[in-house]
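Dear colleague,

I am passing on the structure we spoke about, and below it you will find my notes on how its parts pack together. Please read them with the model open beside you.

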Amino acid sequence: IVEEVLAMDPRNRDALLARAAIALAANRADDAIIDLRTVWQDHPDSDQALVLMAQAHMQNSAEDLAERSLIEALKINPLNERAALGYARIRLARQDHGGALKVLETLSQGGVASKDADALRLQILLSQRDWRGATSLAGDMADKRNNPGFDAYVLALTLQAQGHYREGIEQ
């Protein structure tokens, strides 16, 4: 179907994005980049194209280009979950915990309910031994999910990380 649409309209945004995603799934980053550049030329406000471009750059081991693409995507849409998670992971790989937390907190403050972002924030807070922040986030995560088993699990992990083993076990 994608090729049929592109035969009728070679610059169709959705079809080019779909073909790029298919190329990325097949580890053909260079093919994806060609389609994504076309999309970006016609739609410079496409945060989706930039996120896929970052993924293509990561496949080509061009982390700096991936980071630039994610920064641009976040300028267009600061609440783009995929862009925020990708950028946060790059910041973490560069030992910039503060930068990673900042972008993840922007998602949360913007009302984006992301299990992955919350889990990554919790990992960062625990690794920094920010017990208050981790405990607060664990409580928020439990409230969002309304899942007693999950609530207890996250809170127990947070307490155990602080060395409060008995309280963690009791959760």
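**Cores and helix packing**

Leaving aside residues up to four places away in sequence, I124 touches L92, H97, A100, L101 and L104. Please keep in mind throughout that this is a predicted model.

I124 also belongs to the largest nonpolar core, which has 30 residues, and within that core V103, L104, L120 and I124 are the members that touch the most others. At least two residues of this core come from each of helix 4 (47–59), helix 5 (63–76), helix 6 (81–93), helix 7 (97–109), helix 8 (115–127) and helix 9 (131–145), and the greatest contribution is that of helix 6, with seven residues. Another core lies apart from this one; it has 16 residues, and L16, L17, I33 and A49 are among them. As general background, nonpolar side chains in soluble globular proteins tend to be buried together.

In the pair formed by helix 2 (residues 13–25) and helix 3 (residues 29–42), the axes come within 8 Å and cross at roughly 160°. Because an angle over 145 degrees counts as roughly antiparallel, helix 2 is roughly antiparallel to helix 3. The crossing of these two helices is left-handed. On the helix 2 side the contact is made by R13, L16, L17, R19, A20, A23 and L24, and these meet A29, D31, A32, D35, L36, T38 and V39 in helix 3.

The crossing of helix 3 and helix 4 is left-handed. Here A29, I33, L36, R37, V39 and W40 in helix 3 meet A49, L50, L52, M53, A56, H57 and Q59 in helix 4, and the residues of this contact divide into 10 nonpolar, two polar and one charged.

Lastly, a word on K102, whose place is in helix 7. K102 is exposed, because its relative accessible area is 61% and the cut-off for exposed is over 50%. The C-alpha atoms of K102 and A54 are separated by 20 Å, the two residues being 48 residues apart along the chain.

With best wishes

How values were computed
Residues are numbered from 1 along each chain as its sequence is written. This is a predicted model: local features need pLDDT of at least 70, side-chain atom pairs count only at pLDDT 80 or more; totals for chains, interfaces and linings use all residues. Side-chain values use heavy atoms; hydrogens and water are left out. Axes are lines fitted to C-alpha atoms, for helices over the stretch in contact, and angles run from 0 to 180 degrees between N-to-C directions. Helices (H or I, at least four residues) and strands (E, at least two) are DSSP runs, numbered from the N terminus. Angles under 35 degrees count as roughly parallel, over 145 as roughly antiparallel, 65 to 115 as roughly perpendicular and the rest as oblique. A crossing is left-handed if the near helix is turned anticlockwise from the far one by less than a right angle, and right-handed if clockwise. Contact means heavy atoms within 4.5 Å. A nonpolar core is a set of buried Ala, Val, Leu, Ile, Met, Phe, Trp, Tyr and Cys residues joined through side-chain atoms within 4.5 Å. Buried means under 20% relative accessible area, exposed over 50%, partly exposed in between (1.4 Å probe, protein chains only). Ala, Val, Leu, Ile, Met, Phe, Trp, Tyr, Cys and Pro count as nonpolar, Asp, Glu, Lys and Arg as charged, and the others, Gly among them, as polar.
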